[in-house]
Amino acid sequence: MKILFASLRAIAAVAIVVAIIGQYQHSASLGPVNPFNFFGYFTIQSNLIGAVAFGLSALVIFAGRAQPLWLVYLRALATVLLAIVGIVYNTLLTGAGLEGAFNVQWSNDILHIWIPIYAALDWLLFGDKAKLPFAKLWVMLIYPLVWLAVVLFRGATDGWVPYPFLDPATGYASVAVYCLLIAAVTILFGYAVYALSRVRMLKP
């Protein structure tokens, strides 16, 4: 069973990397790509975090070692972020113009649909995780808050924002509401992920 866990995570990590490279190459073929913009998207960063978490987890299993606690936290973070990616994109951003950032359909599907689904199932089904204390739920907020701070700074300085609902042109009151909504959703998903850390349907 451990080999199954490791193999699926390795496949997921490779799929993410291939999807991001495929989209980057396509974007580059259409004109110059600003890497700070391309890699500024929450989708890209969250999937990269997922790739690192899945890849490292697979390597640890293949090496015959137990999952260290910090890696369990990283996998929990990846699960929260990818769940947000899947839900937000497929409810708020489908069909939205994102400056050609996600115009390769197979890559788009991997990053916004299949990987978020896999991440949720991996966390729910696979039992190689520790019980995470709810007192440490704040850990899930560190990355989203840093990402929001950088995005808001860039929006106020060079005018670039990755998603329409964070555009200062829509009004800072509107942006503030979305920021609070992102924080609330992160806490809600984080709580669910922490609760599910106590569920072990498939034991290693």
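Select the Phe, Tyr and Trp side chains: there are 15 aromatic pairs, where a pair means ring centres within 6.5 Å, with the six-membered ring used for Trp, and planes under 30 degrees apart count as stacked, over 60 as edge-to-face and the rest as tilted. This is a predicted model, in which local features need pLDDT of at least 70, side-chain atom pairs count only at pLDDT 80 or more, and totals for chains, interfaces and linings use all residues. Residues are numbered from 1 along each chain as its sequence is written, and side-chain values use heavy atoms, with hydrogens and water left out.

Now pick F42 and W147. Their ring centres are 5.1 Å apart and their planes meet at 70°, so this pair is edge-to-face. F42 belongs to helix α3 (residues 42-62) and W147 to helix α6 (residues 139-157), so the pair ties together parts 105 residues apart in sequence; helices here are DSSP runs of H or I with at least four residues, numbered from the N terminus. F42 is buried, at 7% relative accessible area, and W147 is buried at 6%; buried means under 20%, exposed over 50% and partly exposed in between, with a 1.4 Å probe and protein chains only.

Next, select F54 and Y118, an edge-to-face pair with 5.4 Å between centres and 75° between planes. F54 lies in α3 and Y118 in α5 (residues 105-125), so parts 64 residues apart in sequence are tied together. F54 has a relative accessible area of 2% and Y118 one of 15%; F54 is buried, and so is Y118.

Go back to W147 and show its surroundings. Not counting residues up to four places away in sequence, W147 touches G40, Y41, F42, Q45, P162, Y163 and L166, a contact being heavy atoms within 4.5 Å. One aromatic cluster is formed by Y41, F42, Y143, W147, W160, Y163, F165 and Y178.

Then colour the largest nonpolar core, which has 53 residues: such a core is a set of buried Ala, Val, Leu, Ile, Met, Phe, Trp, Tyr and Cys residues joined through side-chain atoms within 4.5 Å. F42, F54, M140, W147 and L166 have the most contacts inside this core. Two or more residues each come from α1 (2-30), α3, α4 (69-93), α5, α6 and α7 (172-196). The most, 10 residues, come from α4.

Finally, zoom out to the cartoon. The protein chain has seven helices and zero strands, and 46% of its 204 residues count as buried.
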